[in-house]
Each structure stands twice: as structure tokens, then as C-alpha cells.
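Me: I would like to learn how to read a few features of a protein model. Please take them one at a time.

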Amino acid sequence: MSTLPPATGDVGAPTSPRRRLGPRPGWLTPSALAVALLFAAPLVYLLVRAAIDHEVAVTAVGSGVLAPLRRTVLLATLVSTGAAILGTGSAWLVTRTDLPGRRVWRILLPLPLVIPSFLGAFALIAAFAPGGLVEDVLGVRNLPQVRGITGSVLVLTLLTYPYVYLPVAARLNQLPPSLEEAARLFGRRPTEVFREIVLPQLKSSILAGTLLVFLYTVSEFGAVQLLRYDTFTRVIFTAFKTDKTTALALSLDLGLLALLVVVLERLSAKAPRTSGDRTLRGLEVRLGRWRAAATAAIGSLTLFALAAPVGVLLFWAGRGLLRGSDRTSALSSDLGSLLIPALNTAQMSVLAAVVATIGVLPIAYLTVRRRSRASHVANALVVAGFALPGLAIALALVVLTLGAGPLSAYYQTPTLLVFAYAIHFGAQALRAGEVAVASVPGRLDDAARALGAGRVRRFVTVELPLMTPGLLAGAGLVLLSTMKELPATLLLAPPGFETLATRIWNATNEAFLADASIAGLLLIALSGVLTWFLVIRRSAAL
Amino acid sequence: MTTASRPRPAALLAMVALLAILASACTGSSSELTIYSGRSQNLIGPLLDDFAEETGIDIAVKYADSAELALLLAEEGEASRADVFIAQNPGATAFVGDEGLLAELPTSLLDRVESGFRSPSGRWIGLSGRQRVLVYNEDLVSEDELPASIDEVVEAPYAGRVAIAPQNGSFQDFVSAMVIERGEDAARRWLQALADADAPTYANNNAIVEAVSRGEIEMGLVNHYYNERFLAEDPSLPSRNHSFPQEDLGNLVITSSVSIIGTSDQPEDAQRFVEFLLSEEAQRYFSDETFEYPLAAGVEPSTDLPALDDAPYPHVDFDELGSTLELTTRLITEAGLT
């Protein structure tokens, strides 16, 4: 994906951001590095442990890591390729064509991101395993084997494509239609326009989203555990229970793998391009005879990624509610007990999204406006946090807060939890943030400066409104990821603090299918509502 | 487009205000009894609420996997704010005990439970028991062709037909018991035989019972209560529990347990809590609601369950489980079971 020809997107923005005049804000690099250091806390903790404990360092480079590492990289490569194709294709269809029901698809398409991967895997097994729902209800026999790498790739691709869909759709909404219109006027077919004009301009967004999918898959645990594909994280979680040395060493390896991937991506990618006027409505491609096929494609994507898991949950929830239960703890008799967990989930995820989005903004500015060694370092450190398993991040924060005098007052508080979410998922906000910063044409800022507007005023009245769609897309990703986060939540939340994800975990852990499904459905509904109000409705045409 | 291009200072202000509230809300009340529970909320939550209501003692519960909580307690060390640790399996408790983080319990409490189900060093008390069983699908296997011992499970004609959950805490505790009782080599041979026969493996007990009940596999090694719960949700399922006729490691009874953390700042409340869990009311709850065997003297198990003595079980020193666990997981991994 890095070998595409240079994007032609500059045409819409005659002034490249890197050639901008004006003083370089002296505080930008220090503040970006300071933020990056906060993000790097868990990785630094792992490095220090490896430096102190010789055994950790030896295990980290031992031969035992090769097989699971190979499986992890294979899985992540397949999943990110699949997600890139699904995410880009669906984003183009709902923003650039006359696909029927676009408004509905735009709400539905990001939602699979909120389905916890272990629920997705659970539903897949329940549906497709021998004797499962599909065989039982539909009478279909000899279904394909869904365990191992096949099932893992399937589940993770279907649940992660929104990482690509969201930034690409946001970008498509910002692209000036003039180029596409010109190409059409010169007689290019829609597919040629897509390949030659649209795709190059989307490159940075696709790459940003695909990187997130890759790193997410690397740190994923819930689905591979249930589908029994022996990746790095699975080995780490097993090791944490008995052999902390190995677990720490392997976590460090994952962090280093993420750094490597980010460095490769940085070397290959150019800074996101600026775009020109966004006031024009994007060009609408008439699908014509492809309309039915395109609708079927989007429909089946939504069917498998969203409707199928939700359907399985509805089936279990319905069965539980109809039959009732004589267990005193059954949710079906006490739905009100989900109110507090739902509010906690909403509050934590919104706060984490805000903190992460604002927190990474200096780094996004630095990366786009002043590409330097510092910006690469800051960028890589933030992104590496995403690849570390949640359990490793949680344990690092336990040691760092309890070991550091005054910070210990924050141990197991909502504040620490929000911080953990922000550093775990900040990478998601960073990539979207970079695209957002890049969407501010330099000449606008120059013009505002020439008219005498101060830095704050320029930021609030010129840059922020232009960046809003991109920032919201990034915040949306953090929001959805936070809502379903489990390992760090279980360890770092204050005792007695429940979220929907912990409720679901509690119920699935002991196979209370009805309880798990009811809480799961509420989580999906809540994320749908939150993304609608906070993200989709506000990010303009998205 | 119009909504996006208006700056929203009010929204920003609201967010900053929210953050300020959050930052100030970080001091927890210290009068609460902090419970780390490796038993999930669905299993024990209502009982804990009853305790708070009856005694007026405020509680705050952190639910997570027993092994993860053990790890957390070890990282927290002396700084831990936890008062009580409820563990699903003895391995996790023994791990925390070996770190020297558990208080010694008074004999008045220890004596409430039979000696096989409490710590010899007084660091934990068993709350409820669950038995290892062989779950089978009665449509696929008839009762008289079931294996008669845990050793037959890995021999012809059963080899490869019995599923296991190699990463499950209870399965690992069972293998640890085998290491303690028969030695490392015997355990290695048994595991190797399973692996050679290509025994189906699953992520956890639930998955095995589900697979057995829908006919994907014939048999599996699990804890007894999973199938009881499945049958409670859907009585028409063809899955049944089977215990081995003679005293057998495959009939091992594993305990959930409660301990008091050494650094607890309210040990009296913690003791009242332990006492409550051993009361008839609580023990009856385990029996009736979670289909487990009550362990405190004088409380009879639910009549729906087979009597514990029907399936003779071996007595194992659970305190040794903690230090054996690392060897056990290595043996399981080396056998190629994942």
C-alpha cells in the first residue's frame, strides 16, 4: 500500500502546509514530547523491568517467541488487508454514490466496532459450530470450520473495518469534488475516477485506519482466545498467571513490534494532504445497473458484522426474558440494575474520547506542520500504547501510581481509568487528528494572521471548525473502543464501579447467556446513540 | 456543515467542568469494606448485597478473574486497599499466600469447615465446593459405555473423544493435584496421551458443555455445576454429568475460598464478612443458586445434586497448588495442549 504513486491531492491546496511561513510556536515540540512521554509510561515501565531483570530481557529475544509472533503477524496482516478493502469500499459507496438508504447505512456501518470481540466470536461459534443456531434453525449441514485462523480473521475483519471506514468516510466528505468532476467531464468512468483520483487522495486515511486495525489485532485477546488461535497475546495472558517474567518480556516484544510497524509506516507515508473548499457537495456517482449489487454488498456486510451477532444476542435475551429465571441475580427480573453501569460506561467513554482527542492534538500538529525526528518519536510512542495488551498497561499503571507518592491518591479512581483508556486508545485519535490538522489549508490561517487575529482566536474561529469532522471521527473511535474495554477496566476501576463491559464479562464468564445478551444489546444500543449524537450528526455530511 | 462550522465554547466549557468534577471525585471513602472477588457478580453479587444490608457495613466489590486479582494483589503488595479476597480456585489464593499477603484467620472461623477444605496454615477457608466431572451427551454415548476412571479417558476407545479446557483454572488445578499425588512424570504421560489422541480443546468449561449439549463432541472434563446451570436455562438439553465410581482424581473437589488481606485496615469487619459467608443463609445460597456443595458444617447440599459422598474424591493439599501451578502450565504447554 506504500508503493502507490504520489497523491495528486495537492492540486486542491496550492499552499503545502510544510512550506508555510510564519513563526514556529516554540511550545509545540516540548508539549508534544511531554504528552508522548505520558503515553509511553507503560512501555517505559516494561523497558525498565527488562533492564533491571536480566531474565525478562533474555526471554524477550528467546526463540520461544518466534512461532506465536509469526501467527500474530499473519493474522494482523490478513485482518488489516480485509478491513482496508471493506472499510474503503463501504465508505465510498455511502458518500459518493446514489446507493439507496445511505443515511441508514451511515449510522449502521460504524457500529460493529462496538461489539466486543469476545461476543462476536461467541456468536460466531454459537451460530456456525456443529449443532449451532444455523444448523438448528436453518437446517444447513456441513458448515465450514470456524475455529483457528479462519474464524479469527473473519470475526476480527468484520468487527474492525470501521477503523478504516470512519476516517475514510470523513476524508471523502472533505475532498473537493472539482477534480472528480473534471475527470468525469473528460470522459473517465467512475471506476477510473475512483482509482486515479479518489484513491490517491484517500491514501493517508486508509493507511491510518489500516494501521489501527493491524495494531488492534496484535493486541486482541477475546476473539483469539475463544476461537483458539494461539497468538502472542494468548501466550501473554497465559503466562501472566504463572510466569510474570515471560509475560512482561512478551508484552515488551509487542510494544517493540508496534514501534517497528509505526516506523515503517512513517517512512512510507507522507503527511496527510490539505484539501481545498469543502463547501461544495461531493460528486454523486450513479450506480446504475450496479445499484442492486452494491446494495447487496453493503447489506451483507451489515448482516454479518452487525445483524448476525445482534441476532444471536436477541435470541438468547429473548429466550431468557420469555422463560424468566428463578435466579435472584437474573437480569431479566431486574433490568434497572443496568442503569448505573450504562451511565458509567457513557461517562467514561465520553471523557476518554475528549481527553485522548485533546491530548494528542499537539502531536498531531507537530506531525503535520513540523515533521521532525521529535514528531516521529512522539508519534511512535503514542501508537505503541495501542499494541500493548490492556492487562500489561493496567499492571504498569498499578506500579507507577502506587510507587509514586502523591500519585497513589489516584489509584483505582475514575481519573486513572480515563487516563488508562486515553493512553491505550490515543493512537486512534492521533491518526484522525493528523488528518484533521491537515485539512486546515495553510492559506486560511495566513489570511487570518494577516488580518491581525491572535493565535487563540485563529485556533478557535478558523482551525477548530475546519478540524471538527476529523477530530470527531477520532473521538468516536476512542469512544467506541473505551465502551468495550475490559482487561484494564477490571483491574483499574474503583471497587464497586461497574460498566456494561464488566457486566457482560461477569455474565459470559459463567455462561449466563441471557444476562450477557441483555447487557450486550444495551451496550450496542448505547454506542449507537452516543455515536449518532456526538459524532455522526455533528460531523457534517458524514 | 453548518453545525460543524460553528465553534462551541459552551460544549468545551462543559467538558472542562466534567473533567474538574472527575478529578475531585478521586478520593474514595475508607470506611468501605473492599472486596476483591474472583467469583463473578452473577454468582455472588446478591449475597454480598445481603451482607451489606444486614450489617450496615458498606462494601465495594471489584470483580475480575481470580488469577488476575491474585496478580493485582501481588503488584499492590503492602499498598493494597483490599480487605478481603474471594477466589474461585485454590491456586490463586495459594499464589497470594506465597507472597505473604494474607492474614491468619482465627481458629473459631477455621473450625467451621472440614480440615480438607481449609488452609493448614490458616490463610483461607473454603466456601463452596465443585466437583470435577465428565459431561457427556446422552444421545451420543450411553451411560454404560462411559469411562470408569480418569486414566481410561486417555486410553482406547475413549482417547480423542473427551474434550478439555487446558487454560481453565479448574483444569489446571486438577492437573496440579495429579502432579502432587502421582508426580511430575505421571502427569506428563497423562497429558501427552491426551495430546497424542488429539483431544478436542476449548477455551473454557462453558464452551465444552455447550459443544457437548449441541452434539459437537461426545464428552468433556468440566466442573459439575456448568451443566446444572445449562439445564436450568434449557431442560431439554441432552448433556449429563458422570462421576467415576471409585475414588479418583477425576472426582476432585475444588473449593472457592475467602481470605483476609494482611494489610486490611478493618480486620473486624472483614471477619464478620467471613463469618457471614459461612452462615447457613450464605451456604444455602451457594447450594440453591449456584448448584455448588456448601462446605460449612451443618448445611446440607441441594437435593437436586448427587450427594458428594456418592463420588469418592481424593484429599489434596491445596496450599501446594500455588507453587505447583507454574510447573503445571509448563507441562500443559509442553504437551502441546492449547
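Me: What does the accessible surface of chain A come to?
Reply: Accessible areas come from the Shrake-Rupley method with a 1.4 Å probe, and for residues only the protein chains shown count as cover. For chain A the surface is about 19,900 Å², and carbon and sulfur atoms hold 68% of it. This is a predicted model, in which local features need pLDDT of at least 70 and side-chain atom pairs count only at pLDDT 80 or more, while totals for chains, interfaces and linings use all residues; side-chain values use heavy atoms, with hydrogens and water left out. Residues are numbered from 1 along each chain as its sequence is written, and chains are lettered from A and ligands numbered from 1 in the order in which they are written.

Me: What share of the residues in chain A is buried?
Reply: Buried means under 20% relative accessible area, exposed means over 50%, and partly exposed lies in between (1.4 Å probe, protein chains only). Of the 542 residues in chain A, 63% are buried.

Me: How many helices and strands does chain A have?
Reply: Helices (H or I, at least four residues) and strands (E, at least two) are DSSP runs, numbered from the N terminus. Chain A has 24 helices and zero strands. Contact means heavy atoms within 4.5 Å. Among contacts in chain A between residues at least 6 apart in sequence, 84% join residues at least 24 apart.

Me: Is B:D198 buried or exposed, and is B:F291 buried or exposed?
Reply: B:D198 counts as exposed because its relative accessibility is 64%. B:F291 has a relative accessible area of 15%, so it is buried.

Me: Where is the cis peptide bond?
Reply: The cis bond joins B:A156 and B:P157, with omega about 0°. B:P157 belongs to the loop between β4 (125-137) and β5 (162-163) of chain B.

Me: What is B:L321 in contact with?
Reply: B:L321 is in helix α13 (residues 319-334) of chain B, and is buried because its relative accessible area is 1%. Leaving aside neighbours within four places in sequence, its contacts include B:P90, B:D173 and B:I180.
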